[in-house]
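Grab a viewer and follow along.

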Amino acid sequence: MRTGLNVEFLGAILAMVSLGSWAADVNDLTSAAPALEKYTQERLLGEVWKRPQLSARDRSITTVAALIARNQVNELPRYLRLALDSGVKPAELSEIITHLAFYSGWANATAAAAVTKDVFVERKISSNQLAPAKPKLLEMSEAALKSEKEREVRVGQQFGAVSEGVVQYTTEVLFLDLWLRPDLSPRDRSLVTVSALIATGQVQQLGSHLSRAMDNGLTQSEASEVLTQLAFYAGWPNVFSALPIAKDVFEKRTK
Amino acid sequence: MRTGLNVEFLGAILAMVSLGSWAADVNDLTSAAPALEKYTQERLLGEVWKRPQLSARDRSITTVAALIARNQVNELPRYLRLALDSGVKPAELSEIITHLAFYSGWANATAAAAVTKDVFVERKISSNQLAPAKPKLLEMSEAALKSEKEREVRVGQQFGAVSEGVVQYTTEVLFLDLWLRPDLSPRDRSLVTVSALIATGQVQQLGSHLSRAMDNGLTQSEASEVLTQLAFYAGWPNVFSALPIAKDVFEKRTK
Amino acid sequence: MRTGLNVEFLGAILAMVSLGSWAADVNDLTSAAPALEKYTQERLLGEVWKRPQLSARDRSITTVAALIARNQVNELPRYLRLALDSGVKPAELSEIITHLAFYSGWANATAAAAVTKDVFVERKISSNQLAPAKPKLLEMSEAALKSEKEREVRVGQQFGAVSEGVVQYTTEVLFLDLWLRPDLSPRDRSLVTVSALIATGQVQQLGSHLSRAMDNGLTQSEASEVLTQLAFYAGWPNVFSALPIAKDVFEKRTK
């Protein structure tokens with residue numbers, strides 16, 4: 001597994017090296033904040049991205065999700081390229097944007113789409129490589145259906161009288177539609193959701209989504225390293241607000 | 001009332017159809033995330049904006065407030081046009097921007113002003129259609145004065161020693177000045193404030209402002225639908241963080 | 001002290017007057033929201049910036065930190081110029097950006113660097129006026145070392161098993177490196193950190209950082225006025241969420 005990871009990472013590093021846009025920005029950094037350039041090279045690119053606990057592919061997904069959720073489109077192109085070079089498929093990027101329309105707001109997604117379109121053109125990615133608008137949805141197992149039904153009933157009892165619309169769309173559009181779209185795996189959807197929640201300081205929904213992420217196959221070691229990655233991309237305070245919740249989820253699952 | 005609503009909504013839809021800018025962005029969406037385009041057409045424009053629980057005018061105000069509070073100026077022009085087409089007056093837009101300088105930060109308002117100015121030019125809206133800088137303020141009823149005095153005393157006791165400046169300006173500039181400016185009704189100011197708080201995840205002040213909104217005439221059914229609208233424009237997690245607070249306010253008021 | 005302050009403030013006002021860019025934006029404001037222009041002139045520039053509780057230099061640092069943390073780069077150039085005119089050194093701005101990479105996310109810092117570079121060029125600030133990438137770090141006192149060791153142990157026990165990476169980098173890169181860089185004083189680093197936390201509504205880490213700020217020399221009167229300044233630049237709700245925490249810190253320290 002480590003071997004696969006290193007090969008994958010090598011691809012990512014080659015990609016970084018080849019990106020002319022990094023060089024351009026290096027100039028910005030050295031002309032305004034030389035230390036920031038140093039930390040970027042030595043710590044972020046030189047260390048963090050190489051840590052074996054999380055693949056370059058997953059780091060790309062986490063970072064792209066954080067940037068979209070925080071509406072930081074300026075930095076997005078280079079990380080979209082890096083994502084493509086690290087094995088994230090165009091169809092997956094396409095689904096990440098759609099997913100984040102619901103989890104971080106419509107305007108975040110439309111801004112990301114405008115930027116992503118240009119990267120797709122640059123990389124000669126054609127529309128048949130994207131996720132179709134109306135694919136055959138994943139089938140839910142008996143257990144998944146039961147657990148979704150329970151969620152629906154629970155949330156309906158809690159909030160049905162507060163906002164019928166929110167409750168209805170949560171079931172109809174999110175859990176019985178968006179989450180079942182096949183071009184992004186449930187595990188990766190969870191990774192995107194969890195990254196977006198941490199990156200925007202929305203820790204109230206983090207517990208349930210981190211649990212779901214681990215049910216969907218994200219390991220504790222990966223989740224733990226997502227926090228390290230996001231410390232750099234979303235800032236230390238957002239990650240420190242997430243730590244107690246992650247701790248709680250991890251502890252409950254090992255009992 | 002429904003009839004009025006439908007006529008109003010028809011205006012909004014016609015406005016949407018005529019907006020060349022939508023078409024341009026549809027291209028972005030289909031080239032990057034076809035599913036996002038589908039959800040935009042089928043769910044957001046095709047369903048949510050047509051739900052009768054909230055007028056197109058109110059939906060426009062909520063959406064514009066959310067975009068300004070989240071500093072998403074890219075999407076703002078089309079929603080400003082939609083607001084004008086849905087019956088929001090230029091003077092009201094002008095006041096919404098000023099109001100949000102205080103409730104979401106000065107730079108959000110100045111960024112919004114730059115974009116709004118261009119839409120006003122495009123629509124040939126002249127400066128005498130805007131809200132004047134120094135209008136005659138609304139008069140406060142005996143009851144309103146009393147309740148404001150109570151608020152002032154309470155907040156002064158709580159926080160006067162912590163930040164005298166904040167406490168002083170809250171009374172002097174917010175509640176005895178900004179909120180009394182006549183070109184945006186107290187009910188609409190409340191709608192703007194509540195939308196901005198939910199859209200930026202600032203739920204700590206939501207309870208008191210939602211109560212105030214309902215005192216100012218926002219119905220429970222409208223408030224409930226504001227949450228549905230914002231699920232799409234501010235993301236599901238922000239709305240789920242707001243739901244328990246809305247529930248609490250609704251329940252206290254029906255007791 | 002007041003005299004020094006007034007002279008300093010005079011410099012800042014002269015700087016404002018000379019800024020062509022203000023005039024340009026005044027036009028935006030009057031064409032979209034005349035009242036916003038009035039409040040800007042009468043309250044914000046005419047009153048708040050002149051209050052003696054906080055120097056124009058500190059107000060600039062707070063405002064620049066808030067804008068970077070909120071990713072509002074449009075407004076940044078004018079406040080960078082104002083900071084330079086108020087006595088903030090280029091090397092300090094350079095360190096503020098680097099500091100905020102860690103405290104508000106990498107993309108906030110790189111976006112700020114791109115804008116700052118242009119202001120430095122405009123002001124003919126050469127690279128030897130910036131903070132070097134690898135300076136000799138400040139030495140820690142016996143007491144500081146002991147207290148840092150305690151922090152490390154405490155956080156390690158709390159979160160070491162949750163995210164080893166975050167815990168390791170917090171010690172290694174933040175407290176034993178970044179905070180010891182000499183071109184921004186610990187007191188000013190704290191001012192930047194506290195301003196960024198309040199400006200982005202991240203109040204969970206505010207208590208410990210406000211305490212640290214006061215240990216580093218920020219007075220209660222200054223901290224209190226930072227809240228007033230940020231009410232305008234980050235919006236009232238963020239400041240009201242910070243008030244109870246500031247109250248708590250102030251009260252504990254006077255016991």
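A polar contact here is a pair of N or O atoms within 3.5 Å; within protein, one must be able to donate a hydrogen and the other to accept it, and residues adjacent in sequence count only if both atoms are side-chain atoms. This is a predicted model, where local features need pLDDT of at least 70 and side-chain atom pairs count only at pLDDT 80 or more, while totals for chains, interfaces and linings use all residues. Residues are numbered from 1 along each chain as its sequence is written, chains are lettered from A and ligands numbered from 1 in the order in which they are written, and side-chain values use heavy atoms, leaving out hydrogens and water.

**Exercise 1. Describe the interface of chain B and chain C.**

Step 1: count the polar links. Between chain B and chain C there are 22 residue pairs in polar contact, both residues at pLDDT 80 or more.

Step 2: find the elements. With helices taken as DSSP runs (H or I, at least four residues) numbered from the N terminus, α6 (90-104), α7 (106-122), α8 (142-159) and α9 (164-175) of chain B each give two or more residues to the side that touches chain C. The largest share, ten residues, comes from α7(B).

Step 3: look for salt bridges (a side-chain nitrogen of Lys or Arg within 4 Å of a carboxyl oxygen of Asp or Glu). The rule finds three across this interface. C:E42 and B:K134 meet in a salt bridge through their side chains, at 2.6 Å from N to O.

Step 4: get the area, meaning the accessible area (1.4 Å probe) that two parts lose on being put together, summed over both. Chain B and chain C bury about 3,900 Å², 61% of it on carbon and sulfur atoms. On the chain B side, B:W106, B:V162 and B:Y169 lose the most area to chain C, together 20% of what that side buries.

**Exercise 2. Work out how domain 1 and domain 2 of chain A meet.**

Step 1: Domain 1 of chain A covers 7-137 + 177-254, and domain 2 covers 138-176.

Step 2: count contacts (heavy atoms within 4.5 Å). Twelve residues of domain 1 of chain A touch nine residues of domain 2 of chain A.

Step 3: check the charges. The two domains of chain A share one salt bridge; the side chains of A:K136 and A:E139 form a salt bridge at 3.7 Å, N to O.

Conventions:
Domain bounds come from an automatic or database domain assignment.
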